[in-house]
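Reader: Please show me the model. Then I will ask what stands behind each label.

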Amino acid sequence: MPINVIRNVAFVGQSGVGKTTLIERLLFTAQSTTHLGSVKSGDTITDFDPQSIQYQHSIEATPVNLAWQNRRMNIIDTPGLPELVGRCLSVYPAVETTALVLDANTPISQLSDRLFAYACEQSKCQMIIINKIDLNPEKIAELIALVTEHFGNACLPINLPSPDGISVADCYFEPAYDEVSAIDTVTDAHERLVDQVIELDEDLMALYLEQGSALTPKQLHTPFEEALRTGHIVPICFVSAETGAGIELLLRTLAEIMPRPDEGNPPHLEQQGNIVRIDCDQMDHAVAHVFKVSVDPYLGKLAYIRVFQGEINTGAQLFVGNSNKPIKVGHLYQLQGKKRMEISQARAGDFCVLAKVDDLAFDVVLHDSHDEDGVVMKDLDFPAPMYSLAVSPVKRGDEQKLSEVLGKIAAEDPTLRVEHRVRTNETVLSGQGEFHLKIALEKMASVYKLEVSTAQPSIEYFETITQPAEGHYRHKKQSGGAGQFGEVQLRVRPLERGMGFSFVNKVVGGAIPTALIPAVEKGVRQALSEGAISGNPIRDIEVTVYDGKYHSVDSKEIAFVIAGKKAFLNAVRDASPIVLEPIVELNLTVPVSAVGDVTGDLAANRGLILDTRAGDNQLTQIMAKIPQNELEDYAQKLRAMTGGEGSFTLNMSHFEAAPPIIQTEVCNTANNH
């Protein structure tokens with residue numbers, strides 16, 4: 001496929017704006033399908049997987065293709081649920097253009113702001129598609145004002161809806177100057193477009209002023225592409241996926257205006273920190289990137305690939321990242337929903353799918369020459385996890401399988417995290433929210449046949465002391481043969497928070513032989529890890545051994561391990577021990593309208609507000625500190641308070657004394673076990 005006929009576009013936007021229905025209509029209009037499916041019926045081409053059908057929301061990012069005006073358009077349908085934003089962001093490197101889909105009946109959300117900003121960060125050309133113009137067309141003018149407020153003055157209509165939302169008037173290719181619009185005149189819209197474009201081309205501006213008549217789309221093409229690359233223009237298209245209004249104009253805009261692979265901004269590839277320039281016309285060296293992985297029941301592991309340079313042929317050998325061992329390209333496919341077509345070659349600019357190669361993972365770069373060793377895609381800025389569950393296999397003996405399956409699930413989704421917490425011996429799966437983890441666990445059951453039980457992860461408490469104390473213990477054991485004898489006297493004192501543990505030997509006169517002091521420390525450290533009152537490790541304490549006794553025959557290492565441990569525990573119990581709870585730093589982004597509810601909730605749950613800062617687009621940042629055990633199910637609570645618009649990150653701050661009720665609860669839980 002020649003590179004000049006390819007267009008790569010990701011349709012992004014919040015849930016409910018009709019991305020899937022719009023893509024279905026585009027495929028139907030371009031005669032890529034003879035059946036116009038619907039989300040409600042569960043028969044659209046992009047939402048073919050069982051979970052998308054069940055929940056009537058796009059769960060996966062799904063590429064499809066169509067032909068229009070001798071152009072090939074690769075379009076990716078992406079999830080719009082906030083918890084699945086990582087699956088949307090991960091496809092940005094694969095396209096030159098992102099199309100933000102909005103509709104007048106759904107307020108512009110924080111997610112839409114975020115998707116637009118992310119496209120700017122990734123240097124993507126952008127367009128905005130306003131869908132559902134047939135519903136409440138009187139609201140369109142208000143939406144355009146909000147688009148300008150949120151995304152800037154570069155957003156300009158390239159066509160205009162009629163007052164009743166039944167049709168759309170062209171303002172660019174063949175301007176329909178006589179058409180009546182709901183929000184502007186075609187003449188004014190056309191002039192604003194042309195003025196915006198020629199600002200970047202002085203020669204064309206001079207010609208425009210000299211010519212005294214409209215410039216043709218052919219004359220405007222080169223500066224229009226430059227305006228797209230620099231974010232100087234973001235064209236707005238109006239459509240109704242339901243009625244088909246504006247669909248052909250949208251297809252024409254995608255075909256004639258949005259950039260070819262060699263016209264868009266280059267991908268953010270780096271090699272040892274240096275920018276790597278891609279040459280789409282270079283056929284000697286293949287360079288490609290895996291933007292998605294998934295598991296197909298019949299084909300096994302699938303790697304979705306964007307080819308940036310050269311070509312990939314069946315039978316060819318490719319290196320994965322820095323690996324010196326090449327993989328062989330077996331079967332190459334192009335997928336159209338659940339349908340697959342085997343191909344022999346994929347060239348620069350196009351998508352393909354490589355099957356049954358376990359070495360391929362999300363975000364790896366493929367190449368066929370060692371000249372490209374070390375080439376990576378610049379790190380993508382995925383959101384931090386906001387919700388966690390401890391998972392364990394229902395069936396005994398499936399522990400290894402759990403580890404393997406979690407690794408595969410996390411490899412498919414860049415916003416899932418898996419960690420094993422040694423202290424609590426828990427495997428913890430973290431993601432963007434309850435629904436995010438729910439669909440991951442469902443896939444573990446349906447695809448990998450692994451049932452798991454879940455629980456809230458344990459909170460890692462510590463113990464410490466609040467005053468100095470002394471401890472003494474004599475260990476004496478006689479059972480017919482050689483006995484055991486060891487006596488230890490020690491002091492404990494509290495250290496500043498975060499200082500950890502200090503062991504001091506002040507034994508003089510050989511009361512305890514130097515060779516046996518390490519045994520005393522070993523016993524103390526055993527007690528440190530086991531705790532004295534709640535079963536949690538003890539920290540921020542200094543232990544000083546200052547006296548003891550030993551027996552020349554019966555004093556062995558084990559005796560002083562036991563004596564050291566018991567003396568230490570006796571001292572700790574006399575030193576007013578307490579439980580320390582973890583305090584986390586919470587950084588929230590919430591709508592201005594929700595600030596009162598969010599800060600009030602934090603204060604009611606022992607949170608301390610550190611700062612609030614006004615952000616862009618009616619958002620506020622809130623910085624706070626709060627005990628970790630007050631954050632159970634906080635992701636759901638925040639979404640309820642903010643209408644799904646809130647997000648947060650958290651980092652460990654410090655430990656401080658838990659209030660008496662928490663102390664009692666933690667100690668009782670330990671004693672009951």
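**Strands, helices and cavities**

Author: This is a predicted model. Start in the sheet: Gln-271 stands opposite Asn-274 in β11.

Reader: What makes β10 and β11 a pair?

Author: Pairing needs at least two bridges between the strands. Two bridges join β10 (residues 269–271) to β11, and these strands run antiparallel. Therefore β10 and β11 count as paired.

Reader: Why are β11 and β22 called edge strands?

Author: The open sheet has three strands in the order β11-β10-β22, with antiparallel pairing. β11 (274–275) and β22 (375–377) each pair on one side only.

Reader: Why is α1 called roughly perpendicular to α9?

Author: The axes of α1 (residues 19–29) and α9 (residues 247–256) cross at roughly 85° and come within 10 Å. Angles of 65 to 115 degrees count as roughly perpendicular. So α1 is roughly perpendicular to α9.

Reader: Which residues of α1 and α9 meet?

Author: Leu-22, Arg-25, Leu-26 and Thr-29 in α1 meet Ile-247, Glu-248, Leu-250 and Leu-251 in α9. By class, this contact has five nonpolar, one polar and two charged residues.

Reader: How many cavities of 30 Å³ or more does the search find?

Author: Two, in a search of the whole structure. Among the 18 residues that line the largest cavity, Glu-60, Arg-87, Val-293, Glu-412 and Asp-413 are closest to its centre. Its lining has 10 nonpolar, two polar and six charged residues.

Reader: What classes of residue line the second largest cavity?

Author: The lining has 10 nonpolar, three polar and one charged residues. The space in this second largest cavity is about 120 Å³.

Note on methods: Residues are numbered from 1 along each chain as its sequence is written. This is a predicted model: local features need pLDDT of at least 70, side-chain atom pairs count only at pLDDT 80 or more; totals for chains, interfaces and linings use all residues. Side-chain values use heavy atoms; hydrogens and water are left out. Axes are lines fitted to C-alpha atoms, for helices over the stretch in contact, and angles run from 0 to 180 degrees between N-to-C directions. Helices (H or I, at least four residues) and strands (E, at least two) are DSSP runs, numbered from the N terminus. Angles under 35 degrees count as roughly parallel, over 145 as roughly antiparallel, 65 to 115 as roughly perpendicular and the rest as oblique. Contact means heavy atoms within 4.5 Å. Ala, Val, Leu, Ile, Met, Phe, Trp, Tyr, Cys and Pro count as nonpolar, Asp, Glu, Lys and Arg as charged, and the others, Gly among them, as polar. On a 1 Å grid over the protein atoms alone, a cavity is a set of points where a 1.4 Å probe fits but cannot get out, and a pocket is an open set with protein on both sides within 12 Å along at least five of seven lines; lining residues have an atom within 4 Å of a point. Grid points are joined across faces, edges and corners, and a volume is the space filled by probe spheres set on the points.
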